[in-house]
Amino acid sequence: MWRGLSALATRAARAPRRLCARRSSGAGPWAPGSTIFALSSGQGRCAIAVIRTSGPASGLVLRSLTASREPPPARSACLRLLRHPRSGEPLDRALVLWFPGPQSFTGEDCVELHVHGGPAVVSGVLQALGSVPGLRPAEAGEFTRRAFAHGKLSLTEVEGLADLIHAETEAQRRQALRQLDGELGQLCRGWAETLTKALAHVEAYIDFGEDDNLEEDVLEQADKDVRALEAALGSHLRDARRGQRLRSGAHIVVTGPPNAGKSSLVNLLSRKPVSIVSPEPGTTRDVLETSVDLAGFPVLLSDTAGLREGVGAVEQEGVRRAHQRLEQADLILGVLDASDLASPSSCSFLDTVVAPLVAQSPDSCGQRLLLLLNKSDLLPTSTRDSDTALLGMPYLLLSCRTGAGLDGLLQALKTELAAVCGDPSTGPPLLTRARHQHHLQSCLDALSHYQPATDLALAAEALRLARRHLSHLTGGGGTEEVLDLIFRDFCVGK
């Protein structure tokens, strides 16, 4: 009887592999069998340039350019004189590496030519490769797409590789490396195994429900596993878009009453003159934005107009846009003049902006706030504590003029951004793309129809649909349009 159950498990596990097999059936420039070449090290003059090939004619490349009948030892660098295959003209002395498939990045025969990085050398070698029969220039991302088609990388690992190439901050690099190492894919495969096991148990009960040899708790165990999986999926979907913020940047809005030092703070954090600084109130009348690296996290920093009433039409439009940005912010930096806390504009800002944010539940996923008292250098040391005690809420003292308090602000920003974006060094892998969230949400929606007590056949179908969405997340059954969009992020030589 249990041989039948084993067969059901095998049958249930086979479907994702059939879906994955279709992903390499595309036509056009992605068709298998051709050999591609490209410059992989980027354009421009440099000491060393790397040119790579991938495909069945890679061995012919070595024979044509090095006049050698046998390739060098696999994965060993050898110095060779490169010659044009038609004219025999010397091109360069290069390090040549041979990677026979399937033990290569793409899973195909590959060659790397490490040549001198002058434009004339690179151009000459590329022209020579173009004259070898069966070779053509690679499309953008085609090397990585071939690695995906040959099972060297899952789709989430491909996305991690793209993010690693585009990473600009330390946090982005750490997150991309974890995804490239397959942590998100392994997590999804573990969930898929849970669903496969539950599906096998449900189908066994359907086929052998009246068999006395079937254990009585088969359905109970399947139901327990599915409910635990639902809880795990819900936990990942409640991450408040942290992974996407880490990939694309958290939005920090600097706000406060006029002449509090908002523009000075933006210039200080961005380390460049983004905003005009003037003692005249209302200098900033529009939203000025700049991308910065704060404490290793990517940030879009917005300087906004000072919040006040009863001003001209142009400045009022700036105030309206400032309020609009506040609604979109992940983190708000509220700036007040420490020497003018009792002014009507400071009191209005505390009542209308700061107080509602402070009143939020600490466990909520709402906007976060850091309250800064700027111009601390204008406060007499003897009265500093008494002048700021009236706030009755946490704050940081800062002087944009002298830099006093900047280290404390950067440490507080690091803590806040780790909460907003997630810590890429610890915890479960983050969902960095809307595609990830879509498929996990669809999987969870499918599991909501799992009601074995009502209809076992419909419960089994719900498990199949849920498992199919997990397969889509890691690359099984992905449409060509989705794959094209993902691989478009790569440069030509990758």
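1. In this predicted model, the side chains of serine 275 and aspartate 303 are joined by a polar contact of 2.7 Å. Serine 275 lies in the loop between helix H10 (262-270) and strand E8 (288-294).

2. Serine 275 has a relative accessibility of 6% and therefore counts as buried, the cut-off being under 20%. Apart from neighbours within four places in sequence, the residues in contact with serine 275 are Ser263, Val266, Asn267, Leu288 and Asp303. Lysine 262 stands 13 residues away from serine 275 along the chain, and their C-alpha atoms are separated by 9.2 Å.

3. Threonine 432 is placed in the loop between helix H14 (406-421) and H15. Because its relative accessibility is 3%, threonine 432 counts as buried. The side chain of threonine 432 is joined to that of glutamine 179 by a polar contact of 3.2 Å. When neighbours within four places in sequence are left aside, threonine 432 is in contact with Asp163, Gln175, Gln179, Gly243, Gln244 and Arg247.

4. Just after H6, glycine 182 adopts a positive phi of about 95°.

5. The last point concerns a helix pair. Two packed helices are described by the angle between their axes and the distance between the axes. For helix H15 (residues 434-447) and helix H16 (residues 456-474), the axes come within 8 Å and cross at roughly 170°. H15 is therefore roughly antiparallel to H16, as angles over 145 degrees count as such. On the H15 side, the contact is made by Arg435, His436, His439, Leu440, Ser442, Cys443, Ala446 and Leu447. On the H16 side, the residues are Ala462, Leu463, Leu465, Ala466, His469, Leu470, His472 and Leu473. By class, the contact of H15 with H16 has 10 nonpolar, five polar and one charged residues.

Note on methods. Residues are numbered from 1 along each chain as its sequence is written. This is a predicted model: local features need pLDDT of at least 70, side-chain atom pairs count only at pLDDT 80 or more; totals for chains, interfaces and linings use all residues. Side-chain values use heavy atoms; hydrogens and water are left out. Axes are lines fitted to C-alpha atoms, for helices over the stretch in contact, and angles run from 0 to 180 degrees between N-to-C directions. Helices (H or I, at least four residues) and strands (E, at least two) are DSSP runs, numbered from the N terminus. Angles under 35 degrees count as roughly parallel, over 145 as roughly antiparallel, 65 to 115 as roughly perpendicular and the rest as oblique. Contact means heavy atoms within 4.5 Å. Ala, Val, Leu, Ile, Met, Phe, Trp, Tyr, Cys and Pro count as nonpolar, Asp, Glu, Lys and Arg as charged, and the others, Gly among them, as polar. Buried means under 20% relative accessible area, exposed over 50%, partly exposed in between (1.4 Å probe, protein chains only). A polar contact is a pair of N or O atoms within 3.5 Å; within protein, one must be able to donate a hydrogen and the other to accept it, and residues adjacent in sequence count only if both atoms are side-chain atoms.
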